[in-house]
Amino acid sequence: MSKILQVENVVAAYGQSTILWGTSLEVKAGAVTTVMGRNGVGKTTLLKTIMGVITAREGKVVFKDRDITALGPAGKAKAGIAYVPQGREIIPKLTVYENLLLGLEAAPDRRAGIPEEEIYRLFPILKDFRKRAGGNLSGGQQQQLAIARALVSRPSLLLLDEPTEGIQPSIAQEIGHILQQLVQEKGLSVLLVEQKIDFARQVSDYYYFMDRGKMINHGSAEEMDFASLERHIAV
Amino acid sequence: MKTTRFLFFCFLLAAFASCHNNAGKTGENTTDNGETVKIGVLHSLSGTMAISEVSLRDAVQMAVDEINASGGVLGKKIEPVIVDPASDWDLFAEKAKELLIDKKVSAVFGCWTSVSRKSVLPVFEENNGLLFYPVQYEGEECSNNVIYTGATPNQQLIPAAEYLMSEKGGGYKKFYLLGTDYVFPRTANKILKAYLLSKGVPNENIIEEYTPFHHQDYQTIVSKIKRFAADGKACVLSTINGDSNVPFYKEFANQGLSSATCPIMAFSVAEDELRSMDTEFLVGHLAAWNYFQSNDSPENKKFVEAFKAFCEKKGLPGGSKRVTDDPICWAYTGVYLWARAATKAGSFDVNKVRTALSGLEFDSPDGKVKMDVGNHHLAKPVMIGEIKPDGQFDIISKTDNLVSPQPWSPLTSPDKDCDWVNHKGTYTK
Amino acid sequence: MEKKIYYLLFIAFFALLLPAGHLMGWVSINTISLWGRYFCFAIAALGIDLIWGYTGILSMCQAFFFCLGSYGIAMHMLLKTSGSALPEFMVWNKVESLPFFWVPFQSFGLTLVLCLVIPSLLAFVIGYVLFRSRIKGVYMAIITQALALAMWLLFLRNETGLGGTNGLTDFKTLLGLPLSNTYVKLGLYLMSLLLLCVAYFACYQITHSKFGKVLQAIRDSESRVSFTAYKVMDYKLAVFVVAALLAAIGGMLYAPQTGIITPGRMDVKASVEMVMWVALGGRGKLKGAVAGALLVNFLYSICTSLFPDSWLYILGFLFVITVLFFDKGFVGLMDNLTKRKEPCY
Amino acid sequence: MKNMLIAALVLWTQWAMAATDSTTIFVSQILHDSEKTYAIQQLVARQDPQTFALLNAINNKKLYLFNNEAVTTGEKNGTSSYEIYSLYPKNELLVNKNGQPLHTSIDALTVVEISRADRLLLNGILPILELFSPEPAKRMLAYGQLKDSHAPHRIEMLQVALARETNTDALRAGKDILYAIQLNTTTDAQTAKRYIDSLAENWGDNAPVFLSAYAKSKKPFADYAGQKASSLERKYDYLQKVQNLFSGLSLGSILILIALGLSIVYGLAGIINMAHGEFLMIGAYTTYCIQTLFTEVLKVPYTDLLFIISLPLSFLVAGLLGLLLERLVVRHLYARPLESLLATWGVSLILIQTARSLFGDLTAVKTPAFLSGGLAVSPHLVLPYNRIFIIGLTALIVLLTYLMLYKTRIGLQIRAVTQNRNMSACLGIDTKKVAALTFFFGSGLAGIAGCAMTLIGNVVPDMGQTYIVDSFLVVVTGGVGKIVGTIVSGLGIGFFTKILEAFFQAVYGKVCILLFIMLFMQYKPKGLFPYKGRLAED
Amino acid sequence: MLLSVNNLAVSFGGVQALSLSHFSLQPQELRVIIGPNGAGKSTFLDIICGRTKPDTGEVYFNDRAIMGMTEVSIARLGIGRKFQQPSVFPGLTVYDNLLLAAKMKKDILSSLFFKPSQLLKARIHEVAEKIGLTKVLSSIAGALSHGQKQWLEIGIVVLQDPKLLLIDEPAAGMSDEETYKTGELLLELSNNHGIIVIEHDMKFVQQIARERVTVLERGKLLVEGSFNDIRNDQRVIDCYLGRNNTQLENL
């Protein structure tokens, strides 16, 4: 498997407090790579740094053999990375359809428009709610919308931050299915940050464990020993 | 910890700076030490009044430059101390104190609005200073420490009303007294109303109305005027101040009124205000002042030229397009009056200068004017002008003699008068 | 301990050295009065810091409360000055008899009480109406600003019976003491300094009590405070009234030292400037409020004399730059300069 | 050229032939500096309508010689050229060979100096003289002055004048007087009733006064006149109400125009822009500068076109300066509304002072000719064109803004960025560009408002301060970031202000409005149109 | 009966958010409410604590009608609320956060002249110990991690010593281990307090649901029963749990 994204010794901080202390990671193309770890170890910061929301102080982010460390979030989005943050971050006062339209901003070809058929096939609920304000959707619906919005930009890499947080089990399950489907059918690469082992096990191909801003362990799903995994997340 | 220390030293520094500001001169009572004599210039250079007052600062500066060029006063050059009271009335008092107590100036030239004058008045009286006040005002004041070079009500209001009622002025019978709500319009209208009533104008033919400062929306008022003027022979006596004038005149024209149907006699619109205004709507309306730039005496022509040249040379906004007007003329004249009086007294001492000012005559750009013997005001001619398209006035009426000033109008305060020679200022007859 | 020494030095400097300097002839009485007036502003600024810095409510009508105090005391002084006659402005305003609301101001005791009661009462009513409907943040700022504007317009009117644009001026005596007397001026100055110290101490106590913590909690998360069983509205109202009171006290001392009070002191600009002092000094820190009020006003005085043509640019840029780059004000700036950098996240 | 010569010759011969007439001799004396005083006295005594035009010109100090002929100036055309009217023996507009009105600069005319004393000789016949003035306004005034006249010859003169009257307003004013005089002189009851009807139907300015005066007399049909008078009064009051509503609408439009930009910048970008009023001032000064640049520097004669081109230019200039402000200051202040309020306050101080030192003082812009005056909807209802223009402009701009924000890609981007800056960036939107554009647009709108404001008021450095607090109130009352809210509350506040102004004075009206808004906020603390449902919670 | 609710209904903009005919809770009962997103669970808690005004209905707390009372009076009666998004005072220290919450007189004057007693200090330290924040007591609450804030908020609610705790998604954003610890904490609290918990994490629900679980759907009560009943209820599986759910199979 070739790698689509490579993070090398990244150091990042909020103001004065450093969160990432030389984190490295590889994302395989056409697979789901999951980062796990306890609260506050820097998983979300890692995604934000990859996306460019936080600037890396040291280290490199290489995407498709191109060094994109210095690009801002908009540039990275246009390069083909889509981001579904924790808390979904739907634009609340825009309608569902307008939120989807925003996905087009980073699409390689704007004129192609929203692949409505495909989106509504994956997320039928969005079709009915097209004209509702995004902020008025329930949490699960917002999560679906956020993923759909990310897909509209036809990314090659999808960054997902805790997609199941506060989501009912059935939708979480559905999201898992959709993810698998996307990876298998479209060869999408996914970098997932997750705390719940159950969901991670459902979708992941490769695991990283993170603690205090560094990767402490990694391995493929087959070779993973989940007992030791839970130990890592504990403490 | 360190922050507190830092702050403390900041205050220390500030306090020392503020002391240093005045410490040097303390202890010396005379002001005419050295080669120069200081005068204070107290006109707002920022804030709402800057629009009018900056020109007065320029006029004072020009008079000072002229006097200095011709050798100064009593062998000393005049050194103007210019401060900016920023249209902030409290700051006027503060700056007056600074000029009198700390800078120890011999005289102060300044103020425009009544409130600024009222604000500094106690300061001048307390410290025995001398203020030259160049703007037409409401009267009912008579301070020993103020020289009023602007007009009193009887030098502006009454002649204007008289003119409008006269046959040649149009014989108007109904009067709409419209003003901005502050002391000058209020007092002016009180006097005007008393005058009109005394001339037999029935009460219902007089309407009094006030708008706030910077009022812009005159739709309602103009439609009232229109109704009032419908049956002819009505005029407006306007004490509207500053930037409210243009919206008022525009609305006036837009609702179909004109100087022919209902003329506006303005008491606060002078050339400087008209300078770059679109005068189209104002043409034909009237104004009453003691001085107009269009006064074609040779002295005045010289003065106007000199002022334009001065503004151009100093690179002031407007340059050679600047115009003179009544307050500018009196601000300029004030400096000369003071210089003459000082020369006459042979001293810059306030008391001596004041005594010397009594009855002093001077050839101003407006012709010969004379300080009143007793009441610290200036006797001068009164003129009515008609606004021309170029922002100048066509002088359509002028008194033959100087009109003596009456700080207390006989119409509203018949028992009062002002005299500093035979009485102690305001007295009851 | 070291900290206390500087506070004491500060007080000693202004309470002893400056008056002594005056008596020695080094410092003019004008400078003394000037600082006296700055102290009045500083008292009002403390109130603003309480309500804005600590509680997070931006009230843009503090200048109005300041003026209420000033007007009250000015009415009293004016009545004493004009004796049995009507104040001058009423004469040209064609007012024949003393309006009813002037009558109580003939007594000094009543004046003191009214100067404190009226602003608090008004603050209470305004605060009650605004806080009841949970108006906050920007809405609060705009509405109080509009309120200040309306009150300003009202005070500008001559019909209001408070002297219109000209305001009240030409007071001669306070409690029978001539205001032009140097020692009376000195006394007023010391009085202002004393009250500033008292106000500072009181505010210090307030902000360091649990009450002060509740205020900060309201700033951080109002709903959490409610769910923790505190009546948010009571607290907001209390601090709004306290701020109004402090402003009024500042105003009461201000009028006799300045010699005039006009609506110009309470226009929109005046209120924003007051907030600006606190912002420049450092909001959320009491000494920031005091420092801001003193230094900004000092700069204003100095600059209008030294740079009459360009001072507005200087102050304007100072405002902008402070707000932009030193959002913790002078005090924050100095903290940054003097302390070792530490995580601020 | 040849035609001109012939025309001149013909004119000259006419004049020469008429010169035998003594009136003509007096005229020529006036024109050619001999015995002016005597000649004027004679003409005044004759009261010959043929000479009235000439006498009028004397009274107005507009008597000139042009090709040796007495003329006066008429309508101004451009900056310095005028239409020319001949005065005697014929009073008509001079035309060039194409039949077009002849335009001449004032320098081509020779002034005939008449002393003030001589002019005062005309006082006695001024009222009737003005009946034949070329200016309708003066004629109206003259009709008015005949009100109390009972002299029969004046009535004749009035009838003569009315027969020539072309202006409808003047005609109405004249008839008003004529019917009134006839009503008061007639003794026949039926005739009186007819005149009463005519008076009421004509509905001149004085009709109610005349009718109610007549109603007080004991003459026949006095009650009838009284009824007519009060019905006219009622109609008038009704029209006043309409006028008031129009005033409210126009005030509301101004508020909307200013508040719209404010709302976009503040509601959507979270910036309280205290310097917004100053962008309005910048727009106004742009208009002023363009006018000055063209008429004074480039010496192009003034045309209305200048105002038209200033509209987009003031948008551009104010917008660009807004952009500069965004780059320098506001960029650091997103989502810190209270700090932004203070910083932009400082900026506004700087801008005002800059304007003051650049332009010095009070200036004003020339109102284009097509916007002067008003639309006379009915005799007593005049709607000024400048106000109508502003209402129209506001409607257009609101529409454009709506389309821009809700129908275009950039609008979508603006709305997205202003609600969630970071996420928008993550979606590939260049947030810096969009934020700058938002500010550009908001400031530009203020610039247009400024340009429009020159139609009403003057251009002064602190003109922005006049409406700024009101506009903030509009934004707050309408609900932040809602265009509909801004419109409704802008109109509402406009109407209420005008309605209250009719009962109270302006200031108390304003206080009432504020109290009303505070009470209103009691049950709508988030404005007229708050967001509903989950969105509302935060 | 600690809490009983009858015929509660509220709608937002025409959409029925909640329509609950009956709900009751015993003292010292720990009740878990589950249900699809948007089923009205948070709205239900909002109504109980006075944040949202219902259109109709009755809410009795200890047989006292509390509808129409303000948040403050409801809080004073003894209902504490923890929100979905942690809501603490970010500008104050952790200690001050807890201090403000502690049960005491909360009017202005008592606040002004308040001096913490030894007993209170001990109590705060005890709670801090329980929620694992002893080490960070003097740091600013805003600097805590998400999970720590969640716990701090629970601490705040506990210190209020309410009779009823309303807890909204306490496990959101927590790792499995943290979730487990939270569960233990809640179970311990349920010895002295009535607790209503909203949660999606079925593992967590299983851990704490010793008694009854309530399922809401579209604002209505779908079913109420023991965890096992619910887990196997076909309606719940259809609308909420989902079929063939691998996560559930792991339970």
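Let's start with the overall dimensions of chain E: for a compact globule of 251 residues you'd expect a radius of gyration near 18 Å, and chain E comes in at 18 Å, so the two agree. Keep in mind that this is a predicted model. Laid along its principal axes, the C-alpha trace of chain E takes up a box of roughly 55 × 40 × 35 Å.

What is chain E built from? Its secondary structure comes to 11 helices and 10 strands. To see how these residues are brought together, look at the contacts in chain E between residues at least 6 apart in sequence: 67% of them join residues at least 24 apart.

Of the 251 residues in chain E, 58% are buried, where buried means under 20% relative accessible area. As for what is left showing, chain E exposes about 10100 Å², and 49% of that is supplied by carbon and sulfur atoms.

Now for the charges. Chain E carries 27 positive side chains and 28 negative ones.

Finally, zoom out to the assembly. Eight pairs of chains are in contact, and the pair sharing the most contacts is B and C. Which chains does chain B not touch? Chain E is one of them, with the nearest C-alpha atoms of chains B and E 20 Å apart. Chain A is another: chains A and B don't touch either, and their nearest C-alpha atoms are 21 Å apart.

Terms used: Residues numbered from 1 in each chain as written. Chains lettered and ligands numbered in written order. Predicted model: local features only at pLDDT ≥ 70, side-chain atom pairs only at ≥ 80, totals over all residues. Heavy atoms only, no water. Contact = heavy atoms within 4.5 Å. Helix = DSSP H or I, 4+ residues; strand = E, 2+ residues; numbered from the N terminus. Rg over C-alpha atoms; globule rule 2.2 N^0.38 Å. Buried < 20%, exposed > 50% of the residue type's maximum accessible area, 1.4 Å probe, protein only. Areas by Shrake-Rupley, 256 points an atom, 1.4 Å probe, with all protein chains shown as cover. Lys, Arg positive; Asp, Glu negative; His and termini not counted. Charge placed at Lys NZ, Arg CZ, Asp CG, Glu CD.
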